[in-house]
Amino acid sequence: MSERSLDLDDFSDLIERPHGGLRQEAEERRALTGLPPRALGRLEDVGEWLGSAQARVPVRPVARPRLVVFAGDHGVAELGVSTRQPGTAAELVRELLDGTSPAGILARQFEVPVRVVDMALDCDPATLPAEVTRHRVRRSSGRLDTEDALTPEEAEEAFRTGMVLADEEADAGTDLVVLGDLSVGGTTAAATLIAALCGTDASVVTGRGGGGIDDLTWMRKCAAVRDGLRRARPVLGDQLQLLAAVGGADLTAMTGFLLQSAVRHTPVVLDGVVSAACALVGQRVAFRAPDWWLAGQAGSEPAQAKALDRLAADPLLEQGVELGGGTGALLALPLVRAAAALAAELPVREGPVAAPGGPDDGPDAGRPGGPAALDAT
């Protein structure tokens with residue numbers, strides 16, 4: 001039993017799989033529409049995933065999505081691992097709030113309300129709205145290559161904050177969360193977590209980040225991940241301690257948010273490498289939890305590819321988006337909504353339905369597919 005008041009082992013008992021028994025019911029309903037198997041491709045899988053999460057067939061259309069973005073600065077940015085100056089993540093937050101960033105524009109276009117949570121921005125909290133800064137744990141996370149990113153108390157506070165926010169979204173009726181992050185140095189922390197959990201070297205997971213860093217910057221980033229790994233490996237058995245060592249407040253809160261969303265049966269669309277890293281930590285905490293998450297898009301970060309492979313998550317889109325803020329996950333939202341609408345509204349026919357394998361069936365008719373989570377019992 002941990003000496004902390006927060007015991008992550010409880011999530012293994014609290015998190016159930018989505019209602020897998022409904023998959024056959026959803027397949028039977030789809031057959032009654034007269035469409036050949038796999039005629040809608042992965043949209044069928046997404047519709048079944050949503051139906052399982054909602055525990056109902058036909059699925060309800062996605063009516064109340066929300067973009068939730070965790071923000072923070074990271075002390076490791078002082079090493080020059082990013083194209084952005086250290087401590088400037090607040091500028092990215094202001095652009096999102098003003099609706100001038102790519103994520104802000106897409107959220108407005110798709111009519112998705114935005115919630116930004118400052119966990120460790122390196123700025124005066126008075127310069128941002130109070131609803132953004134009220135959960136801040138500290139001003140910038142520590143330098144993960146030489147010190148813990150958080151104290152144990154800060155890590156627990158950040159994790160609990162994520163849980164509280166997940167409860168708030170569930171209680172408010174949010175039926176789908178689009179998850180994002182805004183940080184400077186966050187991809188370095190994410191790469192360190194993924195390398196530690198996947199047992200790989202720093203060079204395997206270190207990418208170019210959202211700004212397309214040059215070779216010298218990449219080498220500095222690779223060295224930071226390498227040094228962070230030395231500090232992460234001794235605490236791999238304790239996921240909260242791991243997050244405190246190399247994750248930082250924003251990633252710790254995001255992990256708590258993901259796990260509590262699974263407890264509350266709230267489906268989540270993941271964005272880039274940071275949310276993938278948090279999902280990988282969450283998988284270590286509770287192996288059923290990833291069944292509630294959908295990979296929205298694949299960027300070019302090698303760490304994200306490593307994490308998604310370990311999660312057995314097949315992203316909906318591969319657009320190479322590296323901007324953060326939930327941009328890539330927002331791009332996947334119309335597909336998720338389309339899948340829900342089709343699963344909910346396609347009329348079913350009475351009487352016999354033509355068997356698959358006829359001359360009108362496409363070459364992929366009957367091809368097996370779909371998230372591995374839906375096959376589990």
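**Ground rules.** I number residues from 1 along each chain as its sequence is written. The model is predicted, with local features needing pLDDT of at least 70 and side-chain atom pairs counting only at pLDDT 80 or more, while totals for chains, interfaces and linings use all residues; side-chain values use heavy atoms, leaving out hydrogens and water.

**Entry 1: the cavity.** I searched the whole structure and found 1 cavity of 30 Å³ or more. A cavity here is a set of points on a 1 Å grid over the protein atoms alone where a 1.4 Å probe fits but cannot get out, and lining residues have an atom within 4 Å of a point. Grid points are joined across faces, edges and corners, and the volume is the space filled by probe spheres set on the points. The largest cavity holds about 250 Å³. It has 20 lining residues, and those closest to its centre are Ala26, Arg30, Gly47, Glu48 and Ala343.

**Entry 2: who lines it?** I noted that H3 gives the most to the lining of the largest cavity, 6 residues. Helices are DSSP runs of H or I with at least four residues, strands are E runs of at least two, and both are numbered from the N terminus.

**Entry 3: Gln297.** I found Gln297 in the loop between strand S5 (293–295) and helix H14 (302–311). Is Gln297 buried or exposed? Gln297 counts as buried because its relative accessibility is 2%, where buried means under 20% relative accessible area (1.4 Å probe, protein chains only). Its side chain reaches the backbone oxygen of Val321 at 3.2 Å.

Notes
1 Å grid on protein atoms, 1.4 Å probe; cavity = no way out; pocket = protein on both sides within 12 Å on 5 of 7 lines; lining within 4 Å. Buried < 20%, exposed > 50% of the residue type's maximum accessible area, 1.4 Å probe, protein only. Polar contact = N/O pair within 3.5 Å; in protein donor to acceptor, adjacent residues only side chain to side chain.
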